[in-house]
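User: Hi! I'm new to this one. Could you walk me through it?

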Amino acid sequence: MGTRAKVVTLRELWRSGEPLSCQEIARRGGMAFRSIDLALTDLLATGLVERVGGRRERLVRAAAGHRLAPAVAALLRAEADFFPAIRSELSAVGRSGDSGMEAVAIIGAVADGVERPSDMLQLLVVTSAEPGVRRWVDRFVAAGAGMTTRFGVRLDVTGYDLTTARRMWATRTPAAERLVRGAESIVGPPLEQLFEESGGRSS
């Protein structure tokens, strides 16, 4: 499709299913108006996008009748399932094998929803006892090798036993607090809840 702006434009039009303005596409896609405007010029020329209504509205929509429309829709459907599929596989790894797993959570940019297929996926693993940390980290690293082949995603896995994690939480920095509170739980309770159960520093 050539540029990120074109991909964003087609993605937002496909998600919406309704005509959108250039300004609305830029807002939803988090891109500059000028970038989307240039992308629309090219997409309109190829016929993948078409204008709707009069000149005043300047609304556009994906051209369902275009020869490439089914292929573009299939690609966007696969993209929409990309991160949910990764999360499902991570959950399966965390629920497999022996006991000792307390929690698995995604932290960082991906947890914040600012995710692209090229992003490093940061994973925090918390085990009930220190001897299990290495075992579980290695298990996720091994799973990550296969996920890199199939999804292109790279895992950055960090592990702590629960006692150590709670001790760190009790003396946490503001940055660490934001990281934990913004984490996305994959297995077990939310990290903040797990860490506070031992009576860590009050919030």
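Predicted model: local features only at pLDDT ≥ 70, side-chain atom pairs only at ≥ 80, totals over all residues.

User: Thanks. How many helices and strands are there in the protein chain?

Analyst: The protein chain has nine helices and seven strands. Both are DSSP runs numbered from the N terminus: helices are H or I with at least four residues, strands are E with at least two.

User: And what share of the residues is buried?

Analyst: Of the 203 residues, 39% are buried. Buried means under 20% relative accessible area, exposed means over 50%, and partly exposed is in between, using a 1.4 Å probe and protein chains only.

User: Let's look at helix 7. Which of its residues are buried?

Analyst: They are L162, T164, A165 and W169. Seen down the axis of helix 7, these buried residues fall within an arc of 165°, so they line one face of the helix. The arc is that of the directions from the helix axis to the C-beta atoms.

User: What does that buried side pack against?

Analyst: The buried residues of helix 7 pack against strand 4 (101-107), strand 5 (120-127), strand 6, helix 8 and helix 9. The face turned away from the buried side carries the exposed residues T163 and R167.

User: What happens at the start of helix 7?

Analyst: There, a side-chain oxygen of D161 comes to within 3.2 Å of the backbone nitrogen of T163.

User: Moving on to the loop between helix 7 and helix 8: is R172 buried or exposed?

Analyst: R172, which sits in that loop, is buried, with a relative accessible area of 6%. Its side chain makes a polar contact with the side chain of E177 (3.2 Å). A polar contact is a pair of N or O atoms within 3.5 Å; within protein, one must be able to donate a hydrogen and the other to accept it, and residues adjacent in sequence count only if both atoms are side-chain atoms.

User: Which side chain does E192 make a polar contact with?

Analyst: The side chain of E192 pairs with that of R181, at 2.8 Å. E192 lies in helix 9 and is partly exposed, at 24% relative accessible area.

User: What about R95, buried or exposed?

Analyst: R95 is exposed, with a relative accessible area of 59%. Its place is the loop between helix 5 (82-94) and strand 4. Leaving aside neighbours within four places in sequence, R95 is in contact with I186 and V187, where contact means heavy atoms within 4.5 Å.

User: Last topic: what is the volume of the second largest pocket?

Analyst: About 240 Å³. A volume is the space filled by probe spheres set on grid points, which are joined across faces, edges and corners. On a 1 Å grid over the protein atoms alone, with a 1.4 Å probe, a pocket is an open set of points with protein on both sides within 12 Å along at least five of seven lines; lining residues have an atom within 4 Å of a point.

User: Which residues lie nearest its centre?

Analyst: Of the 14 lining residues, L124, Y160, M168, A176 and V180 lie nearest the centre of the second largest pocket. Strand 6 (154-161), helix 7 (162-170), helix 8 (174-181) and helix 9 (191-196) are the elements that give two or more residues to the lining.

Technical notes: Residues numbered from 1 in each chain as written. Heavy atoms only, no water.
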